[in-house]
Amino acid sequence: MVFPKKVKWLTIYSLLFFISLFYYFYPTNNSSLDAYNYAGCIKYGENLFFAHHLFYNAFLYLVLNPFTYLFDIEVLILLKIINSSFVLFSLFLLYKILKNIQINENEIFAIIISLSFSFTLWRYGTENETYIIPISLSLLASLNFQLFQFYKKNKYIFISGFFAAFACLFHQIHFFWWLGLLIGIYLSQNKIKTLLIYILPALIVPISYILVIKFYNNQSLNHLNFIHFILHDYFAGTAKLQFGWKNIFLTLVSTFRLMFQAHPIIVKLINISYLYILPFILLLFLIFYLIFLFLKKKLFIKKTNSSPLFGHIHILIFFFHFLFALYSMGNNEFMIVLPFLFIISFLSFFQIQRKFLITLSLTLFIWNFSYGIFPNKKYSFYESEKLIHFIQHNESELFIVGNQFIINQYYYFTGKDNFKNIIFEGKIKSFSEFKNTIKNRSYFYTDLIEKPQLFDRASIVSNKSYTIDFKEFKKEKVITMNGLYGKTILYKVYLKKQK
C-alpha cells in the first residue's frame, strides 16, 4: 500500500474527515474516574477551576452551558466529541508545521495517519481528559515561532507567547513547552525586547490564578494560598515526584503504549472469541514486513534542508516532558505530547521511507482498534452502571468499593457528592479507620470480596497498607455484575461476627 507520487484526491481535509470517523463514532464507554469527575463538575457547574488544569472545566462549561440549557443532551458524550475535535485540530497544525519544514506532502499524510491511530492519542482523544486541548495551543505556539523564524515579525513572537502561556492554563505540564520556546527565542535573537514580547502574554497565568483564588475560591491573597493552590495536587498527595525501579518500568510501558495497546484486556478478548486472535496473526506478518523494509533499504535519510534551531528546540522540549514523566512514573498525561514533539524534532533532520510509514499506520490501526478502541466502545469492563443504579435506590446505606471511579460516576449521574456513604477502600489505611468507617452500622455493602484483579498500572503504583478481612463476617450476595474483566459480586456484609 503506497501513495502515488501525486495524490490529487487526497487533501488534509479529506484525510482528517476519514480519521474523524474513527474518533467521533468510537468514544469509550469505560470512562476514567477523572473523566466522570470533570464531566460532573461541568454538568452541574461546580468546581470549575482545578489548579492543575485551571481552565479546562470552566472553558467547557461555558461552551456547553447554552446547549445543556436548551436541550437534554449527554454532557460526557459531548465532551468526548470536543476532545476528538481538538485532536483533529492538532493534526492539522502538525500538518502546517511539517509543510513549513519542507516535508513531502505524501510523507506528512502517512505520518498523520500513524500518529492519529497511535494508542494513547486515540484512546484519550475519545475520552474526556484534560491533556488534549493544550496540545493544540502549544502547537499553535510552535507554528507562530516557526513563522517568526521565516518573517522576523514580532507579532508572531507575541502570538507564540500567548498560546504557549494559554496552554499552561489548560494543563500545567505545558510550562515545559513554553520554556523551550523561550530558550529558542533567546538563541535565535538574543534581544531583550524580543524576549519581553514573548514573556509579556505569560502574565495571563498568574493573573488568572489570582482571580480564581480571590473571587472563585474566596481566599485571601497571600503567597501561601497562591503556592498551595498552584501546587495543590502535590500538597494533597494526588501527584507525587519520586524515583525508583517503578519509574523506569512504568515509563517504558507507557512509552510502548504511546504507540501500541498493551493490557490484560487482550487475553480477556481472546477468551471471549478466538476471532480476536486474527489481529495478532496479521500483526506478525506486518511486523515481519516492517523488519524486511528496515533491512532492505535505509529507513531514514538525512535532510540537506534541515531546520536545526527549530528541531533542536523541540528536542529540548521533548526531553523536558520525558524527564518529568519519568519522575511521575510514566504518567500518560505527561507523555501524550511526546509523539508530536518527536515527529517535529525528527523530521526537522530526517526523511522516513514512505512504505515503512504506511505499513506502520496499518499495523497501528489494526492492533489498537481491535484491542483498544473497539472493546472500549463495545463492552463494559465492570458493568458498574448496575451498581450505580443500586446505590441510587439505597443512598443512606454504606458502600465500600474497590474502584474510586464509582464515586465520580455516581456524582456524574446524580449530582450528589455521596462521599460519606461511598468509601473507596484505598482511603482505609488501618483497622482502626475501618472500625471508624462502619461505626453505628449493623451492615454495609461491598464489591471487594469477589472482584476481578488485573495486573495494570493501578495495581503497581498502589501503596495499599491495609486489606479488610471479611472471613469473620456473615455475607449475603446481592447483585452480580458481568463485565469484560470478569464477574463482580456486591455483598451485604453483616458486622455481627459469625459463630
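A: Let us begin with a rule for sorting residues: Ala, Val, Leu, Ile, Met, Phe, Trp, Tyr, Cys and Pro count as nonpolar, Asp, Glu, Lys and Arg as charged, and the others, Gly among them, as polar. This is a predicted model, in which local features need pLDDT of at least 70 and side-chain atom pairs count only at pLDDT 80 or more, while totals for chains, interfaces and linings use all residues. Residues are numbered from 1 along each chain as its sequence is written, and side-chain values use heavy atoms, with hydrogens and water left out.

Q: How do the residues of the lining of the second largest pocket divide into nonpolar, polar and charged?

A: A pocket, on a 1 Å grid over the protein atoms alone, is an open set of points where a 1.4 Å probe fits, with protein on both sides within 12 Å along at least five of seven lines, and lining residues have an atom within 4 Å of a point. Here the lining of the second largest pocket divides into 18 nonpolar residues, two polar and no charged. Among the 20 lining residues, Met 259, Pro 339, Phe 342, Ile 343 and Leu 360 lie nearest the centre of the pocket.

Q: Which helix gives the largest share of that lining?

A: Helices are DSSP runs (H or I, at least four residues), numbered from the N terminus. The largest share, six residues, comes from H19, which spans 338-347.

Q: Which residues have the most contacts inside the largest nonpolar core?

A: In soluble globular proteins, nonpolar side chains tend to be buried together. A nonpolar core is a set of buried Ala, Val, Leu, Ile, Met, Phe, Trp, Tyr and Cys residues joined through side-chain atoms within 4.5 Å, where buried means under 20% relative accessible area (1.4 Å probe, protein chains only). In the largest core, of 139 residues, Leu 98 and Leu 181 have the most contacts. Helix H4 (residues 75-100) gives the most to this core, with 14 residues, whereas a second, separate core of 16 residues includes Ile 428 and Phe 444.

Q: How many residues of helix H22 are buried?

A: Nine of the ten residues of H22 (residues 405-414) are buried, including Phe 405, Asn 408 and Tyr 412. After H22 comes Gly 415, whose phi is positive, near 80 degrees.

Q: How many disulfides are there?

A: A disulfide is a pair of cysteine sulfur atoms within 2.5 Å, and by this rule the count is zero. Cys 41 is buried, at 1% relative accessible area, and Cys 168 also counts as buried, at 11%.

Definitions and conventions: Buried < 20%, exposed > 50% of the residue type's maximum accessible area, 1.4 Å probe, protein only. Helix = DSSP H or I, 4+ residues; strand = E, 2+ residues; numbered from the N terminus.
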